[in-house]
Every structure is written in structure tokens, then in C-alpha cells.
Amino acid sequence: MAKPKKYYVVWAGRNPGIYTSWDECKEQVNGYQGAKYKSFPSEQEAKEAFAAGAANAYSSKTSTTGQKVQADIIYNSISVDAACSGNPGDLEYQGVDTKTGERIFHVGPIENGTNNIGEFLAIVHALALLKKQNSNKTIYSDSATAISWVKRKKANTQLEYSEKTKYIWTLIKRAEKWLQENTYSNKIYKWETKDWGEIKADFGRK
């Protein structure tokens, strides 16, 4: 099976630009002091990253173990998170600009929700918003569960349906319907809390 094609952005190198093979990229950065480069899975992402500059997509942080790690955070993105007081309980979710932390949307409180449901709804909300804007921005969530639900187009929640949970189930079904009826090219990535700290959309209630 052929390997998927990659695009290589060189911000700092002999000849900054976008390259379609590692050998070409290597010629620009090998032995170049302070070289900054990164691979992307699509030409569009590479073009956006090159235009945005290295500061938006290339950074280095110190992990919780004290070791330097390549952060690889795509700052031209939306980060989402949810908070729930109780399980089930009053639920809120929001999306923010990953670079600035500026709030883009906020929903809630909604009664009788769960954290995973909130994370799921937040991702779908971000997808729908970006589709309206014709934007290919990346989405970050720190919930692997919610990301898997989105990929399967179904919220695998154990929340029982009742009069009390009727409204939250209406939102879940609406989100599932949107996923089933729409396509999108946005990448959805897991936020690496261990290496990067709390996601920008975190409600700070832990």
C-alpha cells in the first residue's frame, strides 16, 4: 500500500516554501541552523500554515517530565471543551480561538447532560459553524471518546431517554443528523494535555 502523500512546509531554511517530498525538504533544512519545518497531510493545510508563519504551527514546549517535545500545535484552529456539574447534570460547552483564547461560541447550561455529550455537541457545533464559513480550520478536543463518536456519526451515550432528558436527546439527534447529511474536510485532533497543558477552551473548574 502506497504511503499517503505529504506536503512539507519550510519556514526557515535555505529556500523557504512548500515541498512535495522529504528529499526536497531535507535539502533546505539539513545542516541549516534554526531550521523550522513541518509536514502536512494536504496541500491546503500546508498553504495555510506557510501563510500563517512558523509561530502559529511550530513551537516547542516542556513536557510534564521536563523533556523538550515538538508541540506541533496548529494555532489556526478552534478548541472546544465541555463542563458538567453532575453526571448527569447542568452542561455547558464552548469553542475558542486556539491562539488567542477568544470565545467563538458558548451553549448552556443545559439540564441533564454529561461531559462526553457536551464534548460531542461542541465538536459538531464547530464543524457546522466552519462549514457555513467555508473554513478548513482544524478542531481540537481533549476527549478521545467524543472524537470517536463524531467519526462514527453517533453518540454512544448511556444516558436514558426520559421526559427529563428529552431536550438533550433532541440536541444529540440533531447533531447525529448533521453528521449523516454533511461532509467536511476539517481535521479533528486530540489535544495532548500532558504535553501542552489544559486546552484553551477549558472552563477551569477542575
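How many nonpolar, polar and charged residues does the lining of the largest pocket have, by class? The first legend below has the answer. Everything shown comes from a predicted model, in which local features need pLDDT of at least 70, side-chain atom pairs count only at pLDDT 80 or more, and totals for chains, interfaces and linings use all residues. Residues are numbered from 1 along each chain as its sequence is written, and side-chain values use heavy atoms, with hydrogens and water left out.

**View 1. The largest pocket and its lining.** The lining has 9 nonpolar, 1 polar and 3 charged residues (Ala, Val, Leu, Ile, Met, Phe, Trp, Tyr, Cys and Pro count as nonpolar, Asp, Glu, Lys and Arg as charged, and the others, Gly among them, as polar). Of these 13 lining residues, Val124, His125, Leu171, Arg174 and Ala175 lie nearest the centre of the pocket. Helices α4 and α6 are the elements that give two or more residues to the lining, and α6 gives the most, with 7. The volume is about 280 Å³. A pocket is an open set of points on a 1 Å grid over the protein atoms alone, where a 1.4 Å probe fits, with protein on both sides within 12 Å along at least five of seven lines; lining residues have an atom within 4 Å of a point. Its volume is the space filled by probe spheres set on the points.

**View 2. The second largest pocket.** Here you will find about 160 Å³ of space. Strand β3 supplies the largest share of the lining, 3 residues, and β3 and β10 each supply at least two. Among the lining residues are Lys38, Tyr140, Tyr189 and Trp196.

**View 3. Helix α5 and its buried side.** In α5 (residues 144–152), the buried residues are Ala146, Ile147, Trp149 and Val150 (buried means under 20% relative accessible area, exposed over 50%, with a 1.4 Å probe and protein chains only). They sit on the same side of α5 because they cover an arc of only 160° around the axis, taken from the directions from the helix axis to the C-beta atoms. Exposed Lys151 and Arg152 are on the face turned away from that side. Helices are DSSP runs of H or I, at least four residues, and strands are runs of E, at least two.

**View 4. Strand β1 and its partners.** In β1 (residues 7–12), 5 of the 6 residues are buried. This strand pairs with β3 (residues 36–40) in the antiparallel sense over 5 bridges (pairing needs at least two DSSP bridges), and Val9 stands opposite Lys38.
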